[in-house]
Amino acid sequence: MSEIEPPLLVDVHPALVSFLDAALVAEGEPALARSLAGLRLHGWSRCSPACVHLRTAPEGRAGSTWIHFDGDVAPGVWLQPDRERESFAGMEICGFDLGLPAGAGSGSGSGDGGT
């Protein structure tokens, strides 16, 4: 029996992907922007009820660097590239309205593959 693939992030949160695409292109990262189309929503981190870390790759793929988009006009979103810096392993969604109900996030996202 084959395992069901998690949903594409763009299908679940299209506004987030659109924002990130434009922000990455503006930052001179067009290759990373193109990788957004294939990101899958592997769920929310379960490290704490208030955690805002969304996983976009299976465990063990994260690199050690982050790309930050935050400021007065941009929502707080931090991207964690994968080890090869070809895509993303996760992201912290600190100030972008995903349209989730209050208290949603950790352990509630669709496609939650568990941590």
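What covers the buried residues of α2? Among the elements that do so are α1 (9-12), α3 (30-35), β3, β4 (77-81) and β5 (88-93). Let us look at how that picture comes together.

This is a predicted model, in which local features need pLDDT of at least 70, side-chain atom pairs count only at pLDDT 80 or more, and totals for chains, interfaces and linings use all residues. Residues are numbered from 1 along each chain as its sequence is written, and side-chain values use heavy atoms, leaving out hydrogens and water.

**The chain as a whole**

You will find three helices and five strands here, arranged along the sequence as α-α-α-β-β-β-β-β. Helices (H or I, at least four residues) and strands (E, at least two) are DSSP runs, numbered from the N terminus. Of the 115 residues, 40% are buried, meaning under 20% relative accessible area with a 1.4 Å probe and protein chains only; exposed is over 50%, and partly exposed lies in between.

**Helix α2**

The 13 residues of α2 should span 18 Å at 1.5 Å a residue, and the end C-alpha atoms are 18 Å apart, which agrees. The expected span is 1.5 Å times one less than the number of residues. Leu-16, Val-17, Leu-20, Ala-23 and Leu-24 are buried in α2. These residues cover an arc of only 130° around the axis, which puts them on the same side of α2; the arc is that of the directions from the helix axis to the C-beta atoms. Just after α2 comes Gly-28, with a positive phi of about 80°.

**An aromatic pair**

The structure holds one aromatic pair. Rings of Phe, Tyr and Trp (its six-membered ring) pair if their centres lie within 6.5 Å; planes under 30 degrees apart count as stacked, over 60 as edge-to-face and the rest as tilted. Phe-19 and Phe-69 have ring centres 6.4 Å apart and planes at 80°, so the pair is edge-to-face. The two partners are 50 residues apart, and Phe-69 is buried, with a relative accessible area of 7%.

| Residue | Element | Residues of element |
|---|---|---|
| Phe-19 | helix α2 | residues 14-26 |
| Phe-69 | strand β3 | residues 67-69 |

**How confident is the model?**

The predictor's confidence in each residue is its pLDDT, from 0 to 100. The chain has a mean pLDDT of 81, with 79% of its residues at 70 or more. Over residues 106-115, pLDDT stays under 50.

Key:
Contact means heavy atoms within 4.5 Å.
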